[in-house]
Amino acid sequence: MADKKWARQSRGDKIFDSVNLLLIILVLIIILYPLYFVIIASFSNAQDVVNGRVFIGPIGVNFEAYKKVFAHDDIMMGYRNTILYTILGTTINLIMTILAAYPLSRKDLKGRGIIMAFLAFTMFFGGGLIPTYLVVKRLQMTNTIWALLIPSAISTYNVVIMRTYFSTSIPYELQEAALIDGCSNTKILLKIILPLSTPIIAVMVLFYAVGHWNAYFNAIIYLTDRDKFPLQLIIREILIQNQTEKLMQSGTAGVDIESIVRQQMVAESLKYAVIVVASLPMLILYPILQKYFVKGIMLGALKG
Amino acid sequence: MKKLKRSLALVTAFILVFTLMSGCSDKSEVGGEESSANGQNNENAGSDKNGEEGTADSDLPDNFNAQGFPIVDEPITLKFFARKFVSHADWKDMLVWKEYEKLTNIHIEWELVSDENITERRNVVMASGDLPDAFHTALFGSSHIVKYADEGLFLRVDDLIEKYAPNLSTILQDPMVKMGLTLEDGGIYSFPNLVEEDALGLRAGGKLWYNTAWLKTLGKSQPINTDEFYQLLKAIKEGDPNGNGKADEIPFAPQDIATVVNLLKGSWGLGNRGSSHPYVDVNEESGELRFIPTDPRYKEILEYSNMLYKEGLIDELAFTPDWSKHVAQGQEGLYGSFFGIGPILFNQVGNYESASIMEGPHGDKMWYPTGSTIWGIGNFVITTSNKYPEATVRWIDYFYGEDGCKLFFMGKEGETFEVTPEGEYEFLDVIKNNPDGLNLDQAVGQFTSQPGGGYPGLLTNKFFKGAEGRPESIEGSKKLLPYFPKEIWPPNLYTVEQSEVMSSIGNDINTYITESMAKFIRGDMPFSEWDNYVAQFDKMGLNQYLKVYKEATEKLFKE
Amino acid sequence: MQNLGHHQKKVPTLKSRSRHNGIVKNWELYLLIAPVVIWYVVFCYTPMYGIQIAFKNHMASRGIWGSPWVGFHHFERFFNSYYFKRLISNTIGISLYSLVVGFPIPIVLALMVNELRGDKFKKIVQTVTYAPHFLSTVVLVGMLFVFLDPKTGLVNAIRKAYGKGSVAFMLEPAMFKSIYVLSGVWQNTGWNSIIYISSLSGIDPQLHEAAIVDGAGRLQRIWHINLPGIMPTIIILLIMNAGSIMSVGFEKVFLMQNDINLEASDVISTYVYRSGLLNAEYSFSTAVGLFNSIINFILLFVVNKISKAVSETSLW
């Protein structure tokens, strides 16, 4: 929209645009360099990377790391699983979050404060891992895909964000008018609210999808069948870091330093390649969703 | 009408809620009861917590052979929880477990969890009542053993060991080993990871190594005391022994800063009960426990180390430990000396020689970093849900004997190893120079779960092929053998109450010790602060700490 | 609750009905939210009985209900720790620093990106800025070590070029919080700006058109239209951030910690890890977690109340 106005803009605006552009480019460079580093490190010689010789360009260019990553059959399996979990999970998330956020955004909903408090309280206080595990077990969801999707079906944080969007970006008057016209609440949700909410829905899809993509904790707790493992769990096996360092320092379990160190060196050479491979799909997701960040339908057109 | 429907919906919801809530509470109790109920339902009273009743011979289960193989006539299946190291294949595909199943007639269903995930998964398994029959290589610490034994989740096995575990029983004749494994109630609840007494390379695994070529270039011989050590490091720093015109040599590379102190303790006469007791040893004159970090000799060690650091003789990396970097630097041959299991780690075999003992300023010559023969206590545990405890005990005992060690470490003759004419056991080429490009760990990890450690079993010179079993390591340890501490204590086993003191006060004290050590050595804390530093320990509850330590080591004094 | 900016006119509301009719009229809304409430009850409230373990000595074999009661024992253990003050101070210090530095920057970035012309360039900028979010903590901290290395790191190489000495950044206690926060800003600014960007697209373009007609410049329009337009989002996010003051995550701090910087880097989560979790002392870690939650909750409550009084936006 601003494009059409370009010709008519004042000098002040043009200065603003130039400065803005300059600053943005600066930000881009600052953010880009380390990302660039990750990429060149992923096909450099690991020893050179660790010893700090990789700066401008890759050293000892080789695709060993990528070869090893793809040779790992489990990576492909993890990929498949994670894609499934992400699509299914995000759909569930979206439905539940909308069902929560819309009623809460209506200021004429009696008891809305209580319900909101009921939800918000859970952001702070929870029973903890074991009782939750027992609930999931009771519902017979352990070692199934549902254990990964249902207990995490709603993020209160996201509900709040979506609710805020609904109440600020969609005028109540519009809904009131529809109600007077005899439109049911459900119809309002479907015909008015959702079409006007493409930006926030896009954001929610992004947030939830990324959440599922990066998730591993519930998988650790609830899954025993290896063929259900998500990508991040496989990656955690390759990139051994935390646990083994501690083991070597604590020395209570008779661990074998040599083999652990050797595997750490292998992990070191793989870690950048693993990150690139694991993150690529999510990086592609954003540009796809980005076009929805613009409001879909003009408000005015609906007023009719 | 709408109102009625709505109220009905609400009421149903409430009922649902209450059922679930009480359901949940019942479940956790039932979960707990179930695990002990299983124990009681077992005809074999060996699974009772106290293990006192019913171990009379008349209770010998059917389908069980007290000696010989197979262990059971009709095949049985046991569920084991185990840690899968990154270089392992799936355990059900491993040659070791397949061969052993043929031998014993016992099929193992493995639940495998990797290192990164094992703590959380273990906690959930223990707390939810879904216990497997046993935990194998599950990285339990000794405090876990005590805790879960106390709660009745781990089976007491000392009687069963006496009856059905000849290999382990032989080893338990060593009182130090027995004491290291026995809990306060006199029972044994787990199976350890042991090192045989003669496996010197393993018992003094971490050693000091010198760069042979540089010693020659600088015209120096191995230091025999701490003064000469300092002189040598200085010469390396200033003399450019690698001749490239740059002062890029790293005179001494410990992998972390505590290692510096551990190297030097013996030269000041501290740490005389071995490496399982880094902060408390025995004052030989008074016979009382001595707290090392406040001892004046410890201060001297720190001052000496500080001097080394100030002159740039210690690798800076020691303060931000990073194994990958440590190895990467080593691989470039930058170390004048290092402390570790051997140059094999940096592919520098032949370039480094093991060090002789260094005498300290007071004439002490002792090698503190010597381990007890117990490397781990909880490497295999049988749970009280196990319906075949006798068979399981027999199952694990095999690995403490020669045949079991051979199978577990080396595999099958002709397939993974061969016996040389000199009688040595060597891996075949398919392992050592794997055609698919697997490194040693990965190749070995295809046939056995040995890589990564943490397993129940016995490490021996004969069958252990790691760095500590190599000739240069054994030779190095032989040099140090005369200086091993006279008495090596096994790691402490604390009761549940003692454990709590150790993880609260003990943890604070440990943090303070390591933090201050690093700061004194680096110079961030000046030695003028020494008295203040000593005073802090009392504020933290040092009295209680030492009291617990005394209680836990009481039995060792009697020996 | 709505705050649509200065240019909206108020529309007269409907006459209020009786409460009774209000509930009935909106029965569909209650139906819509019912599955949500059930989910919360099942997955959040039914497990809540587990909180009591903070007051007990958890024994796996007896379950949570059957474990023996110890009252405030675990809390006392935490408060009596020699390091208690330091842990609290580091945890809160890191959180506040993160908030003060890390909260405004995504807002500014969103406003700036929103002004960019050229959709393709906009997309590129957004994708690049949000990419760092996907680096795992292990890789991020690994890079920090590489860039900040005293001998081989990029930063010290630049310092040397300017004739300055080399600094061991990762060891200096004084630098820890800055490195932690700034690397976090680098990693998450783009991601955090997404919500503001999407909010900005919810602003009525007619407002801008009207303002241009009135002769308003870009900065003025940003200040008077965009900023107020996303103000409710800003306030809500600020409130929720206030409610996580005590929650400094474990992994990143743990990877960056060492003996020398411990006085600045030891936080509650790493302490509990060493002192409780390693030994499976479930009760202790639950007690500390409960303590954190209570502080967080009180803070959120207070900030929410202030926000309610000062603006029209609040959490509830």
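Tutor: In chain B, 19 residues of domain 1 are in contact with 19 residues of domain 2, where contact means that the C-beta atoms of two residues, placed from the backbone, lie within 7 Å. On the side of domain 1 of chain B that touches domain 2 of chain B, the elements giving two or more residues are α8 (200–203) and α18 (471–480) of chain B; helices are DSSP runs of H or I with at least four residues, strands are runs of E with at least two, and both are numbered from the N terminus. α18(B) gives the most to this side, with six residues. By class, the side has 10 nonpolar, three polar and six charged residues; Ala, Val, Leu, Ile, Met, Phe, Trp, Tyr, Cys and Pro count as nonpolar, Asp, Glu, Lys and Arg as charged, and the others, Gly among them, as polar.

This is a predicted model, in which local features need pLDDT of at least 70 and side-chain atom pairs count only at pLDDT 80 or more, while totals for chains, interfaces and linings use all residues. Residues are numbered from 1 along each chain as its sequence is written, and chains are lettered from A and ligands numbered from 1 in the order in which they are written.

Domain 1 of chain B covers 43–203 + 374–493, and domain 2 covers 205–369 + 514–530; the bounds come from an automatic or database domain assignment. Taken over C-alpha atoms, the centres of the two domains of chain B are separated by 34 Å.

Chain B also has an open sheet of four strands with mixed pairing, in the order β6-β9-β5-β10; two strands pair if DSSP finds at least two bridges between them. β6 (250–253) and β10 (352–354) of chain B are at the edges with a single partner strand each, so one side of each has no neighbour in the sheet. β6(B) runs parallel to β9 (335–340) of chain B, joined by three bridges. Ile250(B) stands opposite Tyr335(B) in β9(B).
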